[in-house]
Amino acid sequence: MTPDSPPSPEFSDELVALVALSLAAGIGPKLQSALLEQFGTACETLSQTKDVLLTVNGIGPKTATSIGNKDLLDEARLLLTECHALQVDVLDQKHRDYPQRLREICDSPTVLYRKGVLLPQDELAIGIVGSRRCTAYGRRQAERMAAALSRAGFTIVSGLARGIDAAAHRGALKSGGRTLAIMASGVKTIYPPEHKDLAEEISQQGALLSEMPLDQR
């Protein structure tokens, strides 16, 4: 490492293990929660033998083999390093910025990827979603409604999709308010692609959030 190069990021063993577990094939939030409840930590989960993993309800041979893949930890470290370089935060459920209401649902993500910032005021949020193939009238009304609610102090939450979602985000942005995009893809993989600039604006005036790895389409 040269004197001018930035220091390498350091990640806790548990965060690396949580990300690795989330990358295992066949593992979703409910199974992750079941494994953590059974074994206590992600580190402990990854150290279990295949036979022990098979004792957990919902874990079959293929999933158990995937969890035991030793390459997962290396993949997780590479993903976390890329997140650091892209200024994407990876929040586990114990992180102070992990949304409290999200912790309370039955299948809350064990890790959450965030580009931007979450503020305490975002607890007062309202979701606006709708058709991708909306009418011009619907688009105008969604933008007007989002702008009005934003001026009243609400953070506007939507999904970055075409149509009503995009109109809701734009209404909040134009009014100077905050907006959060909850994405079905990774925060590096903007979909639809024409919303790349919109996503960047949202990350400056709110946040992009996803439970998916960066490159997930």
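The largest pocket in this predicted model is lined by 24 residues, and Pro99, Leu102, Leu180, Ile182 and Leu209 lie nearest its centre. On a 1 Å grid over the protein atoms alone, a pocket is an open set of points with protein on both sides within 12 Å along at least five of seven lines, whereas a cavity is a set of points where a 1.4 Å probe fits but cannot get out; lining residues have an atom within 4 Å of a point. Helix H7 (100–103), strand E5 (179–182) and strand E6 (206–210) are the elements that give two or more residues to this lining. H7 gives the most, with three residues. Helices (H or I, at least four residues) and strands (E, at least two) are DSSP runs, numbered from the N terminus.

The space in the largest pocket comes to about 630 Å³. Such a volume is the space filled by probe spheres set on the grid points, which are joined across faces, edges and corners. By class, the lining has 16 nonpolar, two polar and six charged residues. Here Ala, Val, Leu, Ile, Met, Phe, Trp, Tyr, Cys and Pro count as nonpolar, Asp, Glu, Lys and Arg as charged, and the others, Gly among them, as polar.

A note on the model. It is predicted, so local features need pLDDT of at least 70, side-chain atom pairs count only at pLDDT 80 or more, and totals for chains, interfaces and linings use all residues. Residues are numbered from 1 along each chain as its sequence is written, and side-chain values use heavy atoms, with hydrogens and water left out.

Next, the second largest pocket. About 270 Å³ of space lies in it. Its lining is made of 13 residues, of which Glu14, Leu18, Leu36, Gln93 and Lys94 lie nearest the centre. Helix H1 (13–23) and helix H2 (29–39) each supply at least two of the lining residues. The classes here are four nonpolar, six polar and three charged.

Now to the helices. Two packed helices are described by the angle between their axes and the distance between the axes. Axes are lines fitted to C-alpha atoms, for helices over the stretch in contact, and angles run from 0 to 180 degrees between N-to-C directions.

H1 also packs against helix H6 (71–85). Their axes come within 8 Å and cross at roughly 110°. H1 and H6 are therefore roughly perpendicular to each other; angles under 35 degrees count as roughly parallel, over 145 as roughly antiparallel, 65 to 115 as roughly perpendicular and the rest as oblique. Residues in contact (heavy atoms within 4.5 Å) include Leu15, Val16 and Leu23 of H1 and Leu72, Glu75 and Arg77 of H6. This contact has 11 nonpolar, no polar and two charged residues.

How far apart are the axes of helix H8 (residues 136–151) and H9? They are 7 Å apart, and the angle is about 40°. The two are therefore oblique to each other. H8 passes H9 in a right-handed crossing; a crossing is right-handed if the near helix is turned clockwise from the far one by less than a right angle, and left-handed if anticlockwise. Among the residues that make the contact are Gly138, Ala142 and Ser150 of H8 and Ile164, Ala168 and Gly171 of H9. The contact divides into seven nonpolar, three polar and four charged residues.

H9 (residues 164–174) also packs against helix H10 (residues 196–204), at an angle of about 45° and with the axes 11 Å apart. H9 and H10 are therefore oblique to each other, and H9 passes H10 in a left-handed crossing. Ala166, His169, Arg170 and Leu173 in H9 meet Leu198, Glu201 and Ile202 in H10. That set holds four nonpolar, one polar and two charged residues.

Last, the loops. Between E5 and H10 lies Pro192, and the peptide bond from Tyr191 to Pro192 is cis, with omega near 0°. Gln87 sits in the loop between H6 and strand E1 (89–92). Its phi is near 60°, a positive value in a residue other than glycine. Ala25 is in the loop between H1 and H2. Which residues does Ala25 contact, leaving aside its neighbours within four places in sequence? They are Thr63 and Ser66.
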